[in-house]
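Please examine the sequence and the structure before reading each solution.

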Amino acid sequence: MEEQFAAENIPLHFVEPVPSTDPRLSPAPDNLKRLWGITFSHLDMLSQFLASDADFGVFCEDDIRLRKNIQPLLPEIMLQFRRHNLEILLLSYLCTYLPVELNVHQPHGVIEYPYIYLTYQDNLWGAHMYMLDRKTAQKHLDKYNLAYAVETLTNSSLTHFNPDWTLTKDAARKAAIYPMLSLEGGQVNTDHEFQVQFHKQSFETHFNSDFYY
């Protein structure tokens, strides 16, 4: 991952993963400790972003395959973020089909640039790369904290303490980008066969070595 960002001349700020000894994980049942750790890792990324003076943050997990020649696209993407008054823009997600219905809007049949922005429903999954502004990052940090995580253990009306159920869904104005700016690597740490195949198929559907590392 470091090599990919270096090749694109984009600074990469690595946030240490949350260790199993982190006191924030103490209240979690054993079957939720890993998920809580992942969620707190995302929240730690948001905290580091807010400690900077950047207007936008791009947050990603460590198993992505970055799109090549991405840097020249970022100014336009940030402009579109502002123009549409977005709270979150998904830059990557899990999708097992090519959204070919979008091709009719492209005179040459190939979606390359400008990118197409789509509103998305809560059935679009993936927290492996997304963009937030400072206001949304602060909103998430204020809401999704240790107290919230603990309350989910007894209050079934709360959304799961999971970045893909909270950080990518809790927004009035959200959009996804296509083509994606990265792909998840296609592997997932689970023995659930549906999830294994879902992640694998999503990667294989979109991966092209001309476009992705």
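In this predicted model, the bridge partner of Phe59 in strand E5 is Tyr130.

**Exercise 1.** Determine in which sense E1 and strand E5 pair, and over how many bridges.

*Solution.* 
Step 1. Strand E5 covers residues 129-133, and E1 pairs with E5 in the antiparallel sense.
Step 2. Five bridges connect the two strands.
Step 3. Helix H3 (residues 74-83) packs on the sheet and touches E1, E3, E4, E5 and E6. The direction of H3 makes about 55° with that of E5.

**Exercise 2.** State the order of the strands in the open sheet and explain which strands stand at the edges.

*Solution.* 
Step 1. The open sheet has five strands in the order E1-E5-E3-E6-E4, and its pairing is mixed.
Step 2. Strand E1 (56-60) and E4 each have a single partner strand, so one side of each is left without a neighbour in the sheet. These two strands therefore stand at the edges.
Step 3. From one strand to the next, the twist averages 25°.

**Exercise 3.** Describe how E6 pairs with E3 and with E4, and decide whether the residues of E6 are buried or exposed.

*Solution.* 
Step 1. Strand E3 (residues 88-90) runs parallel to E6, and three bridges join them. Leu89 stands opposite Ala175 of E6.
Step 2. Strand E4 (residues 116-118) pairs with E6 in the antiparallel sense, over three bridges. Here Leu118 stands opposite Ala176 of E6.
Step 3. Lys174, Ala176 and Tyr178 point one way from E6, whereas Ala175 and Ile177 point the other way; all are buried.
Step 4. Because five of the five residues of strand E6 (residues 174-178) are buried, this strand is largely enclosed by the rest of the structure.

**Exercise 4.** Classify Val150 by its relative accessibility and name the surface patch to which Val150 belongs.

*Solution.* 
Step 1. Val150 is located in helix H5 (residues 146-151).
Step 2. The relative accessibility of Val150 is 34%, so this residue counts as partly exposed.
Step 3. Together with Leu146 and Leu153, Val150 forms a nonpolar patch on the surface, with about 190 Å² of accessible area together.

**Exercise 5.** Find how far apart Tyr213 and Gln4 are in sequence and in space.

*Solution.* 
Step 1. Tyr213 lies in the segment after helix H6 (193-206).
Step 2. Tyr213 and Gln4 are 209 residues apart in sequence, yet 7.0 Å apart in space, C-alpha to C-alpha.
Step 3. Leaving aside neighbours within four places in sequence, the contacts of Tyr213 include Gln4, Ala7, Arg65 and Phe207.
Step 4. With a relative accessible area of 26%, Tyr213 is partly exposed.

Technical notes. Residues are numbered from 1 along each chain as its sequence is written. This is a predicted model: local features need pLDDT of at least 70, side-chain atom pairs count only at pLDDT 80 or more; totals for chains, interfaces and linings use all residues. Side-chain values use heavy atoms; hydrogens and water are left out. Buried means under 20% relative accessible area, exposed over 50%, partly exposed in between (1.4 Å probe, protein chains only). Helices (H or I, at least four residues) and strands (E, at least two) are DSSP runs, numbered from the N terminus. Two strands pair if DSSP finds at least two bridges between them. Patches are made of residues with over 30% relative accessible area and no salt bridge: like charges are joined within 9 Å, nonpolar side chains (Val, Leu, Ile, Met, Phe, Trp, Tyr) within 5 Å. Accessible areas come from the Shrake-Rupley method with a 1.4 Å probe; for residues, only the protein chains shown count as cover. A salt bridge is a side-chain nitrogen of Lys or Arg within 4 Å of a carboxyl oxygen of Asp or Glu. Axes are lines fitted to C-alpha atoms, for helices over the stretch in contact, and angles run from 0 to 180 degrees between N-to-C directions. Contact means heavy atoms within 4.5 Å.
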